Amino acid sequence: MSEFDDTSLFHEDDHRVAYIFTAPPTTTAATNTSPTTTTKSAPVRPAKRRRVLEKDTAAPLPAQEKDDDEGRQWPRLFNGLESPSAADLRKKTYESAWPVLESEIESVLRDANRQTLEEVVEFLNSDVHECEGRGRVPAGFIITGPNIAGQDLLFSQLGDVLAERGEGRVREGMGGQEGGGWEDGRGGRRYLDYDLEALRVEMEGRGGVVVAFQDSEAFDTGLVGELVGLFHSWQDRIQFSVLFGIATSVELFQARLLKATARQLYGAQFDVVQANAVLESVIMAAVAGTKAQLRIGPGLLRKLVRRQQEQVAGVGAFISSLKYAYMNHFYANPLSALLVDGQKLDKEILQPEHLEAVRMLESFKSHVEQSVEDGRLDHARLLLENDDYLKGRINRLAAKRQQYLGKLLQSLALVIATEHSKRSFVELYEAALEEGISLDQSPGPFDLGDAIKRSTPEELIGLIKRVMTVVVDGNPSLHWNGMGIGQDAEAAIDKFEALRADVERLIETSKKKKTSLKSKYSSQSRVLRTTVVAQKVQLSRDTATLTEEDNAFTAAIDDFFAFFKTLVGCEPLSNLFLNEVWQYDYHLPYEDVFVPRPGATFARALSRPHDYLGCACCDKANGSMVGTLPATSILYHLYSEAGASINVADLWAAYYALVGEDSEIGMDERSALVLFYRGLAEMRAMGFVKQSKKKADHITKLKWL
């Protein structure tokens with residue numbers, strides 16, 4: 001793609017809302033005129049624009065703009081009482097926290113579509129020459145699923161991969177030169193834009209051209225057929241390949257094409273990772289992972305995920321919402337300055353206003369109340385009265401946060417390793433933040449006891465191996481590196497090794513005795529007993545007789561589950577002291593920005609136009625209906641008082657009574673009618689009314705969802 005470059009026309013004032021345009025200076029007249037006589041010259045003709053490549057347009061910012069951006073400070077909170085160092089610390093903490101998270105997200109997104117990209121590139125490399133002999137156009141059918149919006153990333157990555165591979169882009173290969181057209185430097189021949197002969201000359205010896213249709217089903221079928229026919233006719237001179245993004249299936253897409261078009265294609269099908277799986281990977285890395293300094297609360301996270309599902313939004317919308325949450329927390333919350341790892345908060349940063357704000361937090365109040373109930377009266381009194389004591393607790397906040405996150409991620413990783421949970425990771429994470437993790441909850445998202453106890457010997461050995469792997473290696477998706485090296489990790493490994501050895505020994509013993517090894521929890525140990533009493537059949541369940549090995553296996557299961565419960569468990573996030581410092585769970589800012597309500601906005605603007613216009617004619621209305629309001633606003637007030645079906649003649653009569661010649665406005669009928677029709681058209685354009693199908697002279701109300 002090419003753009004225009006004219007540094008003489010654009011200056012540093014271009015970013016301003018408005019500025020004064022200064023006319024060019026005047027010059028003296030020609031030599032024949034008197035020196036004292038001056039005439040205004042014609043405006044200086046701007047320099048001729050020249051067409052440059054895209055890479056040339058990315059000029060560096062002026063040094064002054066860079067300095068201004070780097071020196072721009074965030075506003076000081078606490079009504080201006082916040083110290084400049086605290087405000088600067090909030091800004092630096094955000095600038096260091098979000099880029100780390102953004103790089104993790106980009107890594108996840110690259111890995112999500114890697115297999116599909118490799119398969120598509122391999123298809124284009126291997127089948128182009130094969131199709132060349134057959135005279136058909138290679139076509140890749142990429143099944144994206146119903147969420148077309150979520151596949152922007154895939155086709156963007158595909159374009160980058162093909163560019164690295166050397167495939168041409170049609171617009172770049174056929175870009176005209178100054179004055180229109182394209183000139184071959186070797187033969188001197190001049191071509192018009194979009195002349196495929198020019199593309200053939202440009203692409204000679206450089207490989208083929210790939211044309212991608214991201215949402216192919218939205219294209220007109222006839223247009224697709226004409227393009228395929230054009231590519232097919234040039235296939236002996238230009239190696240064309242096409243890629244189709246399909247939301248339904250290849251069969252349905254083929255049924256929409258002409259048979260002649262279908263015969264000109266030689267295709268292969270590719271399935272991509274669905275958007276839900278990509279979203280879960282992003283949440284594991286960017287929301288729940290160890291590199292996330294800010295925890296998104298369960299309520300807000302639930303709204304973000306529900307929006308992705310209901311609005312069929314792409315992953316980019318979720319990432320924007322996540323970044324907006326980070327910006328809100330660090331920009332508008334003065335206590336976000338306390339979210340500093342490995343740094344003691346000095347007196348200049350930790351002000352009396354910070355301590356007062358901390359004592360107003362709900363978690364602080366709950367902690368003090370709980371301390372009083374537990375009999376820790378001195379601790380509660382020092383928190384309320386001694387600033388130095390409170391500062392010491394705040395300085396230990398980072399260590400407490402890391403301890404909680406380590407326990408949370410360890411519990412989630414071990415629960416996932418069991419493969420017995422029917423919930424998705426997002427549901428488990430939300431439940432862990434909101435309710436905590438406890439394997440004794442029944443029923444609940446972490447009710448794994450029955451599933452673990454019903455395991456067969458082989459299933460129990462596999463479970464022990466998976467848990468041991470997680471304990472040692474951790475979970476890469478969560479960036480949790482395991483329990484590390486220490487007494488707790490060594491004790492866990494030794495315990496699991498001993499349990500696995502015991503179960504394997506019991507399996508060998510049962511094989512020698514030619515009996516099946518079972519526990520009292522398995523279905524095999526429960527038998528159905530039939531009893532006939534007084535000519536009536538009674539059915540009852542009874543427990544089968546267990547062998548010595550069965551009892552030992554039952555004890556091994558109980559021992560494993562008891563030890564497993566010591567490794568899995570954490571309290572709700574809301575129970576932690578000063579959790580508001582590193583948790584963001586506010587809904588209103590997110591809903592105002594990412595969940596717009598145009599119906600309510602239009603209704604308020606039409607009912608109280610003075611709030612938006614600030615004009616004198618609407619100032620005295622105060623939400624009521626007066627003739628000085630704009631015509632659309634008057635019609636909206638009348639619309640609000642009417643029923644579901646409105647007679648247009650009655651609406652006109654009521655409107656003219658307010659603004660007509662007999663009113664204070666004194667508008668003539670013709671002018672009033674023009675404004676009435678314009679206001680009615682605006683009401684229809686905004687979605688408040690529509691033409692009634694039953695009565696030609698009526699309009700019907702519409703309801704905003």
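Biologist: Where does serine 363 lie?
Modeller: In this predicted model, serine 363 lies in helix α15, which covers residues 362-373.

Biologist: Is serine 363 buried or exposed?
Modeller: Serine 363 has a relative accessible area of 5%. That is under 20%, so serine 363 counts as buried.

Biologist: What does its side chain make a polar contact with?
Modeller: The partner is the side chain of glutamate 580, at 2.6 Å.

Biologist: And which residues does serine 363 touch, leaving out those up to four places away in sequence?
Modeller: Leu576, Phe577, Leu578, Asn579 and Glu580.

Biologist: New topic. Where is threonine 144 found?
Modeller: Threonine 144 sits in the loop that runs between β5 (137-143) and α5 (152-165).

Biologist: Buried or exposed?
Modeller: Threonine 144 is buried, as its relative accessible area is 1%.

Biologist: What does threonine 144 touch?
Modeller: Beyond residues up to four places away in sequence, threonine 144 touches Gln151, Phe155, Gly245, Ile246, Ala247, Val272 and Gln274.

Biologist: How many Å separate the C-alpha atoms of threonine 144 and phenylalanine 244?
Modeller: 9.6 Å, although the two residues are 100 residues apart along the chain.

Biologist: Now the core. How many residues has the largest nonpolar core?
Modeller: There are 107 residues in it, and Tyr326, Leu408, Phe496 and Phe560 have the most contacts inside that core.

Biologist: Which helix gives the largest share?
Modeller: Helix α18, residues 397-418, with 10 residues of this core.

Biologist: Which residues does phenylalanine 496 touch?
Modeller: Ile464, Val467, Met468, Val471, Phe560, Phe563 and Leu567, if residues up to four places away in sequence are not counted.

Biologist: On to strands. In what order do the three strands of the open sheet come?
Modeller: The order is β15-β17-β16, with antiparallel pairing. The edge strands, β15 (645-647) and β16 (689-691), each pair on one side only. From one strand to the next, the twist averages 35°.

Biologist: How many bridges are there between β15 and β17?
Modeller: Three, and strand β17 covers residues 698-701. Asparagine 647 has histidine 698 in β17 as its bridge partner.

Biologist: Which helix lies across β15 and β17?
Modeller: Helix α28, residues 648-659, which runs at about 65° to β15.

Key. Residues are numbered from 1 along each chain as its sequence is written. This is a predicted model: local features need pLDDT of at least 70, side-chain atom pairs count only at pLDDT 80 or more; totals for chains, interfaces and linings use all residues. Side-chain values use heavy atoms; hydrogens and water are left out. A nonpolar core is a set of buried Ala, Val, Leu, Ile, Met, Phe, Trp, Tyr and Cys residues joined through side-chain atoms within 4.5 Å. Buried means under 20% relative accessible area, exposed over 50%, partly exposed in between (1.4 Å probe, protein chains only). Helices (H or I, at least four residues) and strands (E, at least two) are DSSP runs, numbered from the N terminus. Contact means heavy atoms within 4.5 Å. Two strands pair if DSSP finds at least two bridges between them. Axes are lines fitted to C-alpha atoms, for helices over the stretch in contact, and angles run from 0 to 180 degrees between N-to-C directions. A polar contact is a pair of N or O atoms within 3.5 Å; within protein, one must be able to donate a hydrogen and the other to accept it, and residues adjacent in sequence count only if both atoms are side-chain atoms.
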